[in-house]
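Open your viewer and switch to a cartoon view. This tour tells you what to select at each stop.

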Amino acid sequence: MIAVSLAGLIGSVAIAADLPKESDYYRLERCVTPPNIVLEVGGILPVDANRVMVCTRRGEVWTITNPWSEKPEFLLSLDGLQEPLGLLARTGPIAGSTSPSVAS
């Protein structure tokens, strides 16, 4: 019984080693965050080559200029939202969704 279980475990590990990894599909980029800002990001919107907007679980929307540089610039664009979950760029204003509107 132990030999069969061990063989099954070894087979499972061998199969798992062949599975694709997240890095096969996505590139992870890191952004230096100031110590006084907590980004619990619920949505990311690339604005242009040098700016992204992020919405946080804490109800904030931040515009980050040069996010991949050593010293990105953070601008609090909006706060007081109820758990924003995404941002959408359309012609005109940026649209967003919040937790209550997704749930209802």
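**Stop 1: a loop**

Select Glu83, which is found in the loop between strand 4 and strand 5. This is a predicted model, so keep that in mind as you look around. Glu83 has a positive phi of about 45 degrees, although it is not a glycine. Is Glu83 buried or partly exposed? Its relative accessibility is 32%, so Glu83 counts as partly exposed.

Now select Asn66. It lies in the loop between strand 3 and strand 4. Asn66 is not a glycine, yet its phi is positive, at about 55 degrees. Its relative accessible area is 36%, so Asn66 is partly exposed.

**Stop 2: the whole chain**

Zoom out. How many helices and strands does the protein chain have? Count two helices and six strands. Follow the chain from the N terminus and the elements run α-β-β-β-β-β-β-α.

The protein chain exposes about 8000 Å². Carbon and sulfur atoms supply 58% of that area. Buried residues make up 19% of the 104 residues. Contacts across the sequence can be counted too. Among those between residues at least 6 apart, 31% join residues at least 24 apart.

**Stop 3**

Look along strand 3 and strand 4. Five bridges join this antiparallel pair. Select Val61 and look across: Leu78 in strand 4 stands opposite.

**Stop 3: two threonines**

Select Thr63, in strand 3 (residues 61–65). Thr63 has a relative accessible area of 10%; the cut-off for buried is under 20%, so Thr63 is buried. Show side chains here. Which side chain makes a polar contact with the side chain of Thr63? It is that of Ser77, at 2.6 Å. Leaving out residues up to four places away in sequence, Thr63 touches Arg51, Val52, Met53, Glu73, Phe74, Leu75 and Ser77.

Move to Thr56, in strand 2 (residues 51–56). Its relative accessible area is 0%, so Thr56 is buried. Beyond its neighbours within four places in sequence, Thr56 is in contact with several residues, among them Val38, Gly42, Trp62 and Pro84.

**Stop 4**

Select strand 5 (residues 84–89) and strand 6 (residues 94–98). They pair in the antiparallel sense over five bridges. Find Leu87: its bridge partner in strand 6 is Gly96.

**Stop 4: the cysteines**

Select Cys55. Its relative accessibility is 0%, so Cys55 counts as buried. Now select Cys31. At 27% relative accessibility, Cys31 counts as partly exposed. How many disulfides does a search of the whole structure find? The search finds zero.

Terms used:
Residues are numbered from 1 along each chain as its sequence is written. This is a predicted model: local features need pLDDT of at least 70, side-chain atom pairs count only at pLDDT 80 or more; totals for chains, interfaces and linings use all residues. Side-chain values use heavy atoms; hydrogens and water are left out. A disulfide is a pair of cysteine sulfur atoms within 2.5 Å. Buried means under 20% relative accessible area, exposed over 50%, partly exposed in between (1.4 Å probe, protein chains only). Helices (H or I, at least four residues) and strands (E, at least two) are DSSP runs, numbered from the N terminus. Contact means heavy atoms within 4.5 Å. A polar contact is a pair of N or O atoms within 3.5 Å; within protein, one must be able to donate a hydrogen and the other to accept it, and residues adjacent in sequence count only if both atoms are side-chain atoms. Two strands pair if DSSP finds at least two bridges between them. Accessible areas come from the Shrake-Rupley method with a 1.4 Å probe; for residues, only the protein chains shown count as cover.
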